[in-house]
Amino acid sequence: MQVTVKLFAFFRDGRFKEEGREYPAGTVVGDVVDELGIGRDEVGVVMINSLQRSLESPIGDGDVVAIFPVIGGG
Amino acid sequence: MTDKIFRINMTDLTTGIEDVPAAWAGHGGRGLTSTVVAAEVEPTCHPLGPKNKLVFAPGLLSGTLAANSGRISVGAKSPLTGTIKEANAGGSGAQFLARCGCKALIIEGQPRNDRWYSLTVTPEGVVINEENEMIGKGNYEVVETVTARLPGKPGIITIGPAGEMRMAAANISVKDPDGGLRSCGRGGLGAVMGSKKIKFIAIDPGDGKVDIADQAKFRDANRAFAKALVDHPVSKALGQYGTNVLVNIINEAGALPTRNFTSGQFDGHDRISGETMHDTIVARGGKPKHNCHPGCVIQCSQIYNDADGKKLTSGFEYESIWAMGADCCIDNLDHIAEADRIMDDIGIDSIETPVAFAVAMEAGVLPFGDGPGVCRILREDVAKGTALGRIIGGGAGAVGRAFGVTRVPTVKNQAIPAYDPRAIKGIGITYATSTQGADHTMGYTIATNILGVGGKIDPLTKEGQVELSRNLQIATAAIDSTGMCLFIAFAALDDQTCLPALIDLINARFGTSLVGDDVVNLGKSILKTERAFNIAAGFTSVDDRLPEFFYTEPLPPHNVVFDFSGEEIDTFWNF
């Protein structure tokens with residue numbers, strides 16, 4: 001299935017900003033994080049289609065997955 | 001050096017030094033400014049008249065070597081909201097005032113003539129001087145001229161032309177160690193300083209130092225406290241990208257108010273994001289990391305240069321960039337930076353003012369996206385005080401009233417900042433119930449609603465939001481009393497060593513034996529003191545509501561409205 005993956009802050013270093021990628025059915029967000037070589041403990045927030053999700057959340061065809069490190073501001 | 005109250009009467013131009021009343025001894029920062037205003041200011045007085053008082057207070061730990069303890073609080077009755085107000089900022093003002101032995105500087109009265117004055121604060125007290133040269137000048141020129149005029153390197157607190165003209169969005173600026181400006185931004189306190197006819201305050205502590213009751217305990221506590229701050233991953237991202245790291249995540253969450261709060265996502269988000277800003281700063285030889293006061297271990301400030309490598313602005317914050325950017329649809333970071341510099345120089349709030357511009361854009365005063373137009377109006381109208389400039393300088397509410405716009409994002413007449421309360425419901429509770437009008441810093445639910453700090457609560461549901469906002473507002477009132485930067489809260493929420501170390505620091509400084517519950521009770525009592533002032537000023541629970549359009553206009557992309565009833569909001573105060 002086709003999935004758009006967006007990376008933010010230093011997760012972009014040596015990787016990409018946004019990319020269309022192919023994953024098998026049954027993929028969860030954690031699988032994407034692992035495949036990209038990002039430590040799971042570095043991940044602060046994941047969203048699927050702009051909704052807050054977790055590393056265990058399943059991904060569907062056409063989804064937009066956004067992966068952020070632990071960040072803050074305000 | 002024993003802490004004292006420094007009092008200045010601008011009616012008869014006298015000054016005095018007083019002992020600290022016992023009831024004020026445990027207070028600092030916001031807790032002290034709000035306690036003094038509640039005790040000494042008639043709640044129904046005109047904010048720009050002689051009965052209002054302007055109170056400056058360093059935090060409980062300011063002037064010590066405690067990490068991140070350089071915030072100064074300013075309090076008064078606000079000319080923007082009509083409520084009690086506290087605004088705080090970094091810079092060197094808090095540390096220098098504390099080293100003068102000044103627990104609070106209370107400015108009261110009002111000159112009966114048209115003369116302008118400056119104050120010089122030293123450990124010996126305050127001297128009032130007549131001031132002519134700096135009147136009408138911008139903050140950058142004031143800082144440069146006064147630094148050259150006075151011996152040593154004085155701390156400087158100043159107002160720009162907006163404060164002199166008593167605009168309701170005028171701020172108070174505090175010089176940082178590099179001659180940059182930090183702003184006590186919200187609520188128009190610069191207008192109160194202007195109404196007292198004080199252009200600037202110079203602070204020279206000489207060799208003055210803050211007493212520490214137990215040096216060894218203080219050193220140990222500070223080591224543990226600084227480690228908790230440095231170790232927290234949020235601190236790393238703040239140092240690298242500044243607070244502007246938030247543009248992309250708030251946009252992704254569908255909560256970035258865009259085009260005067262008509263959408264939650266901005267097409268140009270990546271062009272104004274923290275990531276783009278970082279790369280631009282590095283490419284132009286600026287500084288991605290910069291501290292606004294000595295002792296900051298997070299360093300979220302930065303130096304942003306123009307295309308020629310010349311410094312354009314510093315302390316370039318997410319909220320300012322969001323407001324000029326997404327809310328006004330300006331996707332050019334250089335235009336936003338130029339506007340930021342002009343606003344700092346004029347001395348006007350960089351949240352209130354751009355939100356006012358977005359309302360003016362909706363009214364057709366200028367087109368959305370017109371960055372050069374914004375800079376032109378700032379220079380030619382706001383700085384010079386034309387009729388249009390004074391309307392915009394009166395804030396978003398003033399623009400809405402002048403031009404008949406109904407979509408005006410304010411609570412208690414203060415502009416709503418960078419998180420749409422329809423898509424992040426917890427922050428809507430904070431905006432509605434804050435004692436000071438809409439203000440994200442009063443109870444930053446974004447941490448838990450969006451960033452996953454201090455747990456997770458879904459931003460789109462109602463469950464748990466009132467309790468979350470209440471707990472954060474109580475904790476924030478206490479933190480704002482310590483002189484600590486609010487960004488210690490990320491570590492305090494996640495790292496169990498952080499808050500005990502902070503309490504140890506306070507105990508070591510004063511020889512007290514406070515525990516965690518004392519800090520919570522301090523926060524509660526500050527909120528109740530502030531609310532009591534507002535009730536006496538005429539506010540009711542009906543004022544604790546969001547503007548109508550948040551309940552009726554669904555916000556894309558989630559197409560959600562703010563759906564808390566008045567009764568649900570009012571449960572906030574059940575403590």
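So, chain B is divided into domain 1 (4-203) and domain 2 (222-532 + 541-573), with bounds that come from an automatic or database domain assignment. Keep in mind that this is a predicted model, where local features need pLDDT of at least 70, side-chain atom pairs count only at pLDDT 80 or more, and totals for chains, interfaces and linings use all residues. As for labels, residues are numbered from 1 along each chain as its sequence is written, while chains are lettered from A and ligands numbered from 1 in the order in which they are written.

Back to the two domains. Taken over C-alpha atoms, the centres of domain 1 and domain 2 of chain B are 23 Å apart. Domain 1 of chain B puts 59 residues into the contact, and domain 2 of chain B puts in 54. When I say contact, I mean that the C-beta atoms of two residues, placed from the backbone, lie within 7 Å. On the domain 1 side, helix H1 (29-40) of chain B gives the most, with 6 residues. By class, that side of domain 1 has 21 nonpolar, 31 polar and 7 charged residues. Here Ala, Val, Leu, Ile, Met, Phe, Trp, Tyr, Cys and Pro count as nonpolar, Asp, Glu, Lys and Arg as charged, and the others, Gly among them, as polar.

Now let's look at chain B as a whole. How many helices and strands does chain B have? There are 23 helices and 17 strands; these are DSSP runs numbered from the N terminus, with helices being H or I of at least four residues and strands being E of at least two. The radius of gyration of chain B, taken over C-alpha atoms, is 22 Å, close to the 25 Å that the globule rule gives for 575 residues, so chain B is as compact as a globular protein of that length. That rule is 2.2 Å times the number of residues to the power 0.38. Of those 575 residues, 62% count as buried, and buried means that 20 or more other C-beta atoms lie within 10 Å of the residue's own, with exposed being 12 or fewer and partly exposed in between.

Next, a sheet in chain B. Three strands make an open sheet in the order S13-S14-S15, with antiparallel pairing; strands pair if DSSP finds at least two bridges between them. Strand S13 (287-290) and strand S15 (311-314) stand at the edges, each with a single partner strand, so one side of each has no neighbour in the sheet. S13(B) and strand S14 (residues 301-305) of chain B pair over 2 bridges, and Lys287(B) stands opposite Ile303(B) in S14(B).

Strand S14 of chain B also holds Asn305(B). Why does Asn305(B) count as buried? Because Asn305(B) has 20 C-beta neighbours inside 10 Å. Not counting residues up to four places away in sequence, Asn305(B) touches several residues, including Arg284(B), Lys311(B) and Leu312(B).

Finally, chain A. Here 17 residues of chain A are in contact with 28 residues of chain B. Strand S3 (43-48) and strand S5 (64-69) of chain A are the elements that give two or more residues to that side of chain A. With 20 C-beta neighbours inside 10 Å, Phe11(A) counts as buried. Leaving aside neighbours within four places in sequence, Phe11(A) is in contact with Ile38(A), Ile67(A) and Pro69(A).
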